[in-house]
Amino acid sequence: MKQFLEGATSIAKTVALCRPGVIAAYPITPQTHIPEELSSLIANGELKAEIVNVESEHSAASCILGASATGVRVYSSTSSQGLLLMAEVIFNIAGLRLPVVMCCVNRAVSAPINIWNDQQDIMSVRDSGAILFFAENIQEACDLHIQAFKLAEDPEVMLPVIVNIDGFVLSHGYEAVELPSQELVDKFLPPYNPIYKLDPENPLTFGALVGPEWYMETRYAIHHTMLNEVKSKIPKIAEEFTKMFGRKSYGFYEEYYLEDADTVYVTFGSLSGPIKDTIDRLREKNEKVGLLRIITYRPFPAEIGRILSKFNRVIVLEKDISLGHTGGLYSDIVTSVYNYAQNSGISKLPKISGYICGLGGRDVSLEEIEQLYTEKEIFSSKFIGINEKNLGSYI
Amino acid sequence: MIDEKILFTPGHTACAGCGQSLAARLVIDAAGPNTIVVNNTGCLEVFSTGYPYTSWRVPFIHSLFENAAAVASGIEKALKYLGKTDVNVIAQAGDGGFADIGFQAFSGLWERGHNVLSICYDNEAYMNTGIQRSGTSPVGANTGTSPVGRNSYGNITWKKNLIDIALAHRCSYIATATICYPVDLQNKVKKAIKIKGAKFIYIFAPCPLGWGYDPSLSIKIAELAVETGLFPLIEYENGVLTKVKKLKELKPIEEFLKLQKRFQHLFQEENKHLLQIWEDFIKVNVEKYQILEKSN
Amino acid sequence: MFAKMILPSATGLKNKTGSWRMGKKPKFLHKNCTGCRMCYLICPEGCVSGSKKNYDANLDYCKGCGMCVEICPVKDIIMVEE
Amino acid sequence: MKEIIIFARAGQGAITTAQILGSALVKIGKHAYAFPHFGAARMGAPMNAFLRYGDKPIRLRTRIKIADYAIVVDETLFESQNVVNSLKEKAICIINSQKDYTPYGKKIISIPANRISQEITGKIFANTVLLGAFCVVDSDIKIEILYEAIKERFKGKVLEANLKLAEAGYNWAKDNVSV
């Protein structure tokens, strides 16, 4: 039944329904309500799980690494500096092929320290081998968590999944949320029972030193898994979820008013909301505009190149920047469109503009979003709403 | 053939005469097959699990350089969740992996009182990367990053005291051990794994390559460390000192130092003052642990 | 797809490190051995085995470090040329 | 371009040997690239060092599988490290040994480096003896230039010993080796 719940709380309640065995908890604004809620569920007997109050995020990720390797379903969550501190462990978890599920409540990265929302943090582990989902709203964040466990633990996948939600905007916001029953989640999500684990009955060695003759195949295998097994299972799991839970789940991406569009916005996360509002307003003035909302960022769905190649103009809007280059999403989209073009032989390429907005929690207004629609010039990484007064020279 | 009971088998690529490979085998043979070992990156991990070879006959996991203690806490909790609390969990590392980069995770493991046996193999420097000073390198040790030179007598600080740090964490059992008393070492492991909560065994693990002595002398060097009062053999149970290996008299520290290349320069005139630092440290040990038998 | 790097137990036994010896190997004389097992206990390779008063080093693995020679209380082990 | 493999155990000075040879070659205007077998080598573990040199800059960085020359510092490695199959047809290999390797069908020359080294220093420093001998085997490398390279690498008593070792290796090879 529908409840009006805070984002972090609803994620924690959803995770509890997924029956994690070991949870690592470490505080960092703005994700802390998730471990807090999980702790209270355990304290009140509503969740039978072991929670470990570790002494750092590096240890949080390491703790669930160990528990997962012992054959137990695990969970943890973090933000910003915590994710960066976990970075080497996330690469390690993916390399060890452990199906760890985590939530990253996206927040700006220091310095300067800033506790508000943007998506620079997750970009630090974009290449780690972890599957990356982005939720637009709280309901989707919960639904993606349930699907994340199923996907991660599939014997043909066995890779970590990180569900990303916008810090404060979604973690601290309240929305109407439908929490499924335990029976329904149990039906959808089979228990986690891996073949290879730390078990004295069958002693195995994990984490050996692997030399040049073998190492490259381990990376190829993860890449191949991402582009094949994961790619094929995401839509299937989303479909199965939609049927069983009665709520639409999109899998790779959501297409909003793309059928007859001429110009299309592309983004991920909660920024999609104000863009949809802008599209609705422009549609009232018969503007042929739509939105392609990316939900699965890694593996990066190759069809995005095909979908976007038929438009005249593409406006990529994102809350991260690879300093000295462009936004992460922008560079992936241009690559994907160009790859599709050179393989399909289409001659006319869309104009693709990249905009950086909302860093460090700065709000992005509908006007600013709409103003991009009429912008003629093409940019690869234009910052929106920069306040010149804050800029100067070193001396 | 190699007997089944050996849980750390030959075929590893440690240097001949390695104190740490001996200690590691003694530990796991004593802990027994119902044990999961978590190991930080370091010599022991590198020379015992170079793919496609592993010397381990028990479940073993290596993740990173500084997280064995955190990985172990996850394993212990997973075993608890699975109702398999009879399985022993060992979190182990060399001195760098334990006292420096992995220190925070071990502090957390102890503070939370996980039912895990922590083991530090102290060879007094980062050996896997080719002998660089660590937080437990003694004063004067000549290493790659604390070299002896015109303006340097080698390492300038004294060893981080892991025993007192463990005491401060209220570990339920703390003991020191070394390879020249293998049975004592194994008895302490067997005792520790039966005790609930955070257990810590601190093992003096001589390293022929890093310390500069002939591989056959690893046992001799360990013996001298004990007999000079440098490395007291002690046991604490719930914070109370319950056992100390007594000595009739102390051998001069020079006997220990002169066998090792890393200390040769301490015998030069301008470095003689450093020997005093060693003697002072030993005096503290002798006093604190009452090492010398009272001649009544 | 997996490139499984998880190892089954003790595959290291296939790596014969005996070739590391630099020309000398331990010889167990079996003359005045008292069966104290110290050689078995302190071998860093764990390749000394035997029972009662009859112990030997497995030369497939022995690296010739000589620790058994040093530890033997009755000098019943000596190093000899290969 | 010429390629040399040095077969040794960790701690036997293979990398120093490659480095000294390389620096000697650079002194006579050649381009050289000396590199160790990358890996966590432990005392006693078999390992290699490599050297490529030639008239053009060396840009090839891969391991050398089949070489023009080989220096085997520890003869116990001859079998296990498959030295014979690491040699080109016309390759010349010098090995620290007193055994006869002609039955192996390739030009493998035994140099009693251990004995020579013990006579001079009472200890075994085979690689410098082999370095001296190598000057007879590889005409590109002149003994005088090798001495200069050794002078840059060592100091004091160690330098004196190494110069004598190299000279002894050179003289022995001049009298006993026909290339």
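In this predicted model, seven strands of chain A line up in an open sheet in the order 3-2-4-5-7-6-13, and their pairing is mixed. The edges of this sheet are taken by strand 3 (50-53) and strand 13 (296-298) of chain A; each has a single partner strand, so one side of each is left without a neighbour in the sheet. From one strand to the next, the twist averages 20 degrees.

One residue pair to find in the structure is A:S76 with A:M102, its bridge partner in strand 5 of chain A. A helix also accompanies these strands: helix 3 (residues 57-69) of chain A lies across strand 2 (22-25), strand 3 and strand 4 of chain A. Relative to strand 4 of chain A, helix 3 of chain A runs at about 165 degrees.

Chain A also shows a contact between two helices. Two packed helices are described by the angle between their axes and the distance between the axes. For helix 9 (residues 272-284) and helix 12 (residues 366-374) of chain A, the axes come within 9 Å and cross at roughly 60 degrees. That angle is why helix 9 of chain A counts as oblique to helix 12 of chain A. The crossing of helix 9 and helix 12 of chain A is right-handed. On the side of helix 9 of chain A, the contact is made by A:P274, A:I275, A:D277, A:T278 and A:L282. Helix 12 of chain A contributes A:L366, A:I369, A:E370 and A:Y373. Sorted by class, the residues of this contact are six nonpolar, one polar and two charged.

The next step is to see how chain A meets its neighbours, beginning with chain B. Here 37 residues of chain A are in contact with 38 residues of chain B. On the chain B side, the elements that give two or more residues are strand 1 (35-39), strand 2 (60-62), helix 3 (68-81) and helix 5 (103-111) of chain B. Of these, helix 3 of chain B gives the most, with 11 residues. The side of chain B that touches chain A has 21 nonpolar, 13 polar and four charged residues. Strand pairing also crosses from one chain to the other: strand 9 (residues 204-206) of chain A pairs with strand 2 of chain B in the parallel sense, over two bridges. In this pairing, A:T205 stands opposite B:F60.

Chain C is the other neighbour to consider. Its contact with chain A takes eight residues from chain C and 14 residues from chain A. On the chain A side, strand 9 and helix 8 (215-245) of chain A are the elements that give two or more residues. Helix 8 of chain A supplies the largest share, five residues. By class, this side of chain A has eight nonpolar, four polar and two charged residues. Strand 9 of chain A, already paired with strand 2 of chain B, also pairs with strand 1 (residues 7-8) of chain C, in the antiparallel sense and over two bridges. The bridge partner of A:L204 in strand 1 of chain C is C:P8.

Chain B itself has 11 helices and 10 strands. A compact globule of 296 residues would have a radius of gyration near 19 Å, and chain B agrees because its own value is 19 Å. Along the principal axes, the C-alpha atoms of chain B fill a box of roughly 60 × 50 × 40 Å.

Chain D has six helices and six strands, and from the N terminus on its elements run β-α-β-β-β-α-β-β-α-α-α-α. The radius of gyration of chain D is 15 Å, close to the 16 Å that the globule rule gives for 179 residues, so chain D is as compact as a globular protein of that length. Its C-alpha atoms fill a box of roughly 35 × 35 × 35 Å, taken along the principal axes.

Strand 5 (residues 87-96) of chain D can be followed through two pairings. With strand 4 (residues 67-72) of chain D, strand 5 pairs in the parallel sense over five bridges, and D:A70 stands opposite D:C93. Strand 5 of chain D also runs parallel to strand 6 (residues 107-111) of chain D, and five bridges join the two. In this second pairing, D:I92 has D:K107 of strand 6 as its bridge partner.

Note on methods: Residues are numbered from 1 along each chain as its sequence is written. Chains are lettered from A and ligands numbered from 1 in the order in which they are written. This is a predicted model: local features need pLDDT of at least 70, side-chain atom pairs count only at pLDDT 80 or more; totals for chains, interfaces and linings use all residues. Axes are lines fitted to C-alpha atoms, for helices over the stretch in contact, and angles run from 0 to 180 degrees between N-to-C directions. Helices (H or I, at least four residues) and strands (E, at least two) are DSSP runs, numbered from the N terminus. Angles under 35 degrees count as roughly parallel, over 145 as roughly antiparallel, 65 to 115 as roughly perpendicular and the rest as oblique. A crossing is left-handed if the near helix is turned anticlockwise from the far one by less than a right angle, and right-handed if clockwise. Two residues are in contact if their C-beta atoms, placed from the backbone, lie within 7 Å. Ala, Val, Leu, Ile, Met, Phe, Trp, Tyr, Cys and Pro count as nonpolar, Asp, Glu, Lys and Arg as charged, and the others, Gly among them, as polar. Two strands pair if DSSP finds at least two bridges between them. The radius of gyration is taken over C-alpha atoms; the globule rule is 2.2 Å times the number of residues to the power 0.38.
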